[in-house]
Amino acid sequence: MVSLTRFAARGLLAAALSGLLAHGAAAEEIVFKDQENREVKLPKSAERIVSIVIPMASTVIALDGGTKKLVGMNPTAKSAVLEGILSKIFPETKDIPSDVTAPNFVPNIEALTATNPDLVIQWGGRGNDIVAPITNAGLNAMLILYGTEQLTRDYMTMTSRAIGKPERIKELVEWRDRVQKDIEAKAKTIPQEKKPTTLYIARALTEIATTGTKGSYNAWYMELVGGRNASAELNGTVTINKEQIAQWDPEIIFLNAFEARLNVDWVYNDPILSLTKAARNKRVYKMPLGGYRWDPPNQESPLAWMWTANLTQPDVFKYDLRAEMKTAYKTLYNYDITDADIDGILWIKEQGGSANYAQFKAK
Amino acid sequence: MAALTEAEAAPIVRRSHLARQTLVFSGLLVLFAVAFVVSLCVGRFSVPAIRALELIWLGATDPWRELTTIEERIVLLVRAPRVVLAALAGAGLALSGAALQGVFRNPLVSPDILGISQGAAFGGALGIMLGIWGFPLIAMVFISGMAAVILVGLISRINGRSETITVILSGLVVSSMFSAVVSLLQFVADPNTSLPAIVYWLMGSFATATWERTLIAAPGLIIGGVLLWMLRFRLNILSLDEAEAQSLGARTNRERWLVFGLIAVIVGSQVAVSGIIGWIGIVIPHASRLLVGHDHRALLPASVVLGAGFMVIIDTLARTATAAEIPLGVITALVGAPIFAMLLRNHYRERNGS
């Protein structure tokens with residue numbers, strides 16, 4: 001009953017509002033379905049956006065080509081911005097508030113409302129408790145889902161429409177599509193027995209966690225570039241032990257970019273891990289941290305795929321990653337990336353001695 | 001047929017009691033030894049059992065040999081320290097539980113009651129969040145566990161002495177205070193890295209065991225355990241009624257805090273290297289009491305052996321059942337609770353029957 005009356009009241013209010021705005025902004029009204037199949041209705045393109053979702057903060061900056069529209073983000077997203085290159089490209093990012101949400105995606109409604117957002121980007125599929133406070137405060141929420149490349153493209157497209165730049169997403173999605181198709185075409189020729197087993201380590205320092213194939217973006221692009229996920233038997237991201245890694249004996253190990261203090265020495269100095277094929281052949285790499293960490297889907301994913309491809313199948317893939325990065329950073333952030341920036345993003349100093357890594361050094 | 005006089009009967013009763021105790025202890029020791037050896041031979045990495053036994057023999061006879069093959073390293077650097085640590089931790093927790101239940105004359109208390117676990121959890125969660133790991137993290141956990149016990153001591157000390165009830169209540173107060181702070185830390189932790197690490201650590205695991213970690217924890221566990229064992233007569237007196245204990249010459253307040261201090265060292269050392277492991281400290285002492293009775297001279301060693309064996313079995317399940325590590329807290333409760341319920345029912349059925 002209560003919800004019904006509230007619904008009716010909100011309907012009346014909306015009707016009254018749209019009546020008021022009818023002659024002015026109706027032409028600009030933006031209506032779309034988000035990934036939880038909810039209708040999102042914006043009277044005009046969103047000018048003030050808060051992203052509670054972590055990687056979407058830097059994606060909004062990339063889609064807008066600047067920081068003006070991002071008015072709030074997750075504290076964890078902010079730490080990635082401050083650790084990475086975005087704080088150098090856009091120094092003003094350090095002033096964007098991050099008190100709008102707890103890192104676990106529970107919004108702080110008062111701080112959120114204080115930023116006066118037109119649109120709040122929130123995770124779907126994690127229950128209504130993190131969404132209801134936003135909609136109850138009368139704010140527009142757009143829910144997105146994690147996991148696949150298609151979902152990523154869809155929510156990026158949705159966001160660019162919401163901020164009134166539908167033309168912007170085209171080149172970004174085309175770029176993703178072009179790189180993915182190119183990789184797929186080349187990877188098709190690789191026979192199964194030439195595909196190395198690869199292991200992505202999602203957490204290392206306090207406990208070791210890795211991820212199964214189903215629903216994992218990392219496993220998806222490792223297999224895209226002609227690798228085989230060594231931990232395919234797992235379900236989701238779970239804790240494992242070193243003995244299990246020895247049993248899998250992966251040929252390549254990718255370390256996450258989330259743990260700032262993690263580097264390849266963690267593998268080389270370990271009595272067990274240093275005996276894996278990956279360590280003996282020096283094929284251990286830490287994922288780069290560019291505009292965002294390259295592990296999860298984000299605006300720079302094609303660069304992550306090319307990096308992974310060159311390392312997984314060095315005979316098949318020979319992307320000029322430095323050139324690709326220069327183009328991409330110009331397109332994404334209108335920034336002329338320097339050689340020193342690239343060295344930092346790719347951890348040249350830390351892992352320049354790894355196998356097949358010389359290709360990434362400046363010529 | 002003349003009935004046996006009482007004087008004649010006593011030695012026979014004592015002798016049959018002794019025979020029973022010997023039988024129980026040899027049974028427990030065999031169980032522990034089997035669990036220990038079997039868990040060194042099984043794991044996710046397949047090493048033939050014969051080869052594993054050979055490696056254990058080599059490792060025991062020539063410990064400083066250089067280990068080059070993966071098999072050697074798996075058995076001697078991954079499994080061995082983990083099994084030893086699990087055994088020590090299980091023994092320490094069970095011993096602490098047995099001693100505490102005696103001192104408090106309350107079968108429901110477990111080592112958590114003194115606030116050590118929650119205090120230590122706070123140190124661990126804070127350390128993980130600050131990106132501290134390795135030895136500094138262990139030190140931080142240990143120190144915060146000790147700080148919690150000291151806090152309990154200060155709060156419960158009224159007019160120069162502390163009643164058991166005020167100790168239990170102060171323990172509750174300090175525990176809930178620290179667990180609130182742990183929740184707060186979880187709330188602000190990074191969901192990609194520190195949050196899952198904190199959650200996993202809170203559920204307890206030996207997955208990160210190495211010889212260094214085992215050697216860091218061992219002194220606290222062993223020295224604390226040996227000193228508690230030396231107090232076994234004192235524990236028998238402390239488990240009596242307060243006035244009775246004092247009439248037997250015990251300075252109950254001081255001796256109680258001596259026991260608490262030792263338990264803090266044991267539990268603090270365990271939590272520092274393997275997170276919070278519930279249930280062992282309450283299930284094992286009860287099981288041991290059903291096997292060997294209430295006398296601490298028998299109860300303490302029985303708890304040690306049974307606790308060590310049980311923990312080794314649980315941990316072996318945790319690391320071998322699936323490719324993923326199962327948190328210990330889950331298995332100790334799933335396995336421990338039904339066994340405990342069964343033991344209790346049997347015990348009371350027998351008692352009511354007789």
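**Figure 1. Surroundings of A:Asn140 in the predicted model.** In this predicted model, A:Asn140 is placed in the loop between helix H6 (132–136) and S6 of chain A. Apart from its neighbours within four places in sequence, A:Asn140 is in contact with A:Val40, A:Leu42, A:Asp118, A:Leu119 and A:Val120. The C-alpha atom of A:Asn140 is separated by 10.0 Å from that of A:Glu39, although the two residues are 101 residues apart along the chain. A:Asn140 has 19 C-beta neighbours inside 10 Å and therefore counts as partly exposed, since a buried residue has 20 or more.

**Figure 2. The open sheet of chain A.** Four strands of chain A form an open sheet in the order S4-S3-S5-S6, with parallel pairing. Strand S4 (70–73) and strand S6 (141–144) of chain A are the edge strands, and each pairs on one side only. On average, and with direction ignored, neighbouring strands of this sheet are turned by 20° against each other.

**Figure 3. Pairing of S5(A) with S3(A) and S6(A).** Strand S3 (residues 49–51) of chain A runs parallel to strand S5 (residues 119–123) of chain A, and three bridges join them. A:Ile49 stands opposite A:Leu119 in S5(A). S5(A) also pairs with S6(A), in the parallel sense and over four bridges. The bridge partner of A:Val120 in S6(A) is A:Ala141.

**Figure 4. Helix H3 of chain A and its cover.** The buried residues in helix H3 (residues 75–83) of chain A are A:Thr76, A:Ala77, A:Lys78, A:Ala80 and A:Val81. Among the elements that cover these buried residues of H3(A) are S3, helix H2 (56–64), S4 and helix H4 (86–89) of chain A.

**Figure 5. The enclosed helix H13 of chain A.** Helix H13 (residues 301–312) of chain A has 12 residues, which at 1.5 Å a residue should span 16 Å; the end C-alpha atoms are 16 Å apart, in agreement with this value. Because 12 of the 12 residues of H13(A) are buried, the helix is largely enclosed by the rest of the structure. The buried residues include A:Trp305, A:Met306 and A:Trp307. They also include A:Ser301, A:Thr308, A:Asn310 and A:Thr312. The cover over the buried residues of H13(A) includes the helices H8 (166–188), H9 (217–224) and H14 (321–333) of chain A. Strand S7 (197–203), strand S11 (252–255) and strand S12 (284–286) of chain A are also included in this cover.

**Figure 6. Two loop residues with positive phi.** A:Phe105 is found in the loop between H4 and helix H5 (109–114) of chain A. Its phi is near 75°, a positive value in a residue other than glycine. With 19 other C-beta atoms within 10 Å, A:Phe105 is partly exposed. A:Asp249 lies in the loop between H10 and S11 of chain A. Phi of A:Asp249 is near 45°, again a positive value in a residue other than glycine. A:Asp249 has 16 other C-beta atoms within 10 Å and is partly exposed.

**Figure 7. The contact between chain A and chain B.** Chain A contributes 27 residues to the contact, and chain B contributes 30 residues. On the side of chain A that touches chain B, strand S10 (237–240) and helix H10 (242–248) of chain A each supply at least two residues. H10(A) gives the most to this side, with five residues. By class, the side of chain A that touches chain B has 13 nonpolar, seven polar and seven charged residues.

**Figure 8. Chain A as a whole, for orientation.** Chain A contains 16 helices and 12 strands. The radius of gyration of chain A is 22 Å, close to the 21 Å that the globule rule gives for 363 residues, so the chain is as compact as a globular protein of that length. The C-alpha trace of chain A spans about 70 × 45 × 40 Å along its principal axes. Of the 363 residues in chain A, 47% are buried. Among the contacts in chain A with a separation of 6 or more, 61% are between residues 24 or more positions apart.

Key. Residues are numbered from 1 along each chain as its sequence is written. Chains are lettered from A and ligands numbered from 1 in the order in which they are written. This is a predicted model: local features need pLDDT of at least 70, side-chain atom pairs count only at pLDDT 80 or more; totals for chains, interfaces and linings use all residues. Two residues are in contact if their C-beta atoms, placed from the backbone, lie within 7 Å. Ala, Val, Leu, Ile, Met, Phe, Trp, Tyr, Cys and Pro count as nonpolar, Asp, Glu, Lys and Arg as charged, and the others, Gly among them, as polar. Two strands pair if DSSP finds at least two bridges between them. Axes are lines fitted to C-alpha atoms, for helices over the stretch in contact, and angles run from 0 to 180 degrees between N-to-C directions. The expected span of a helix is 1.5 Å times one less than its number of residues. The radius of gyration is taken over C-alpha atoms; the globule rule is 2.2 Å times the number of residues to the power 0.38.
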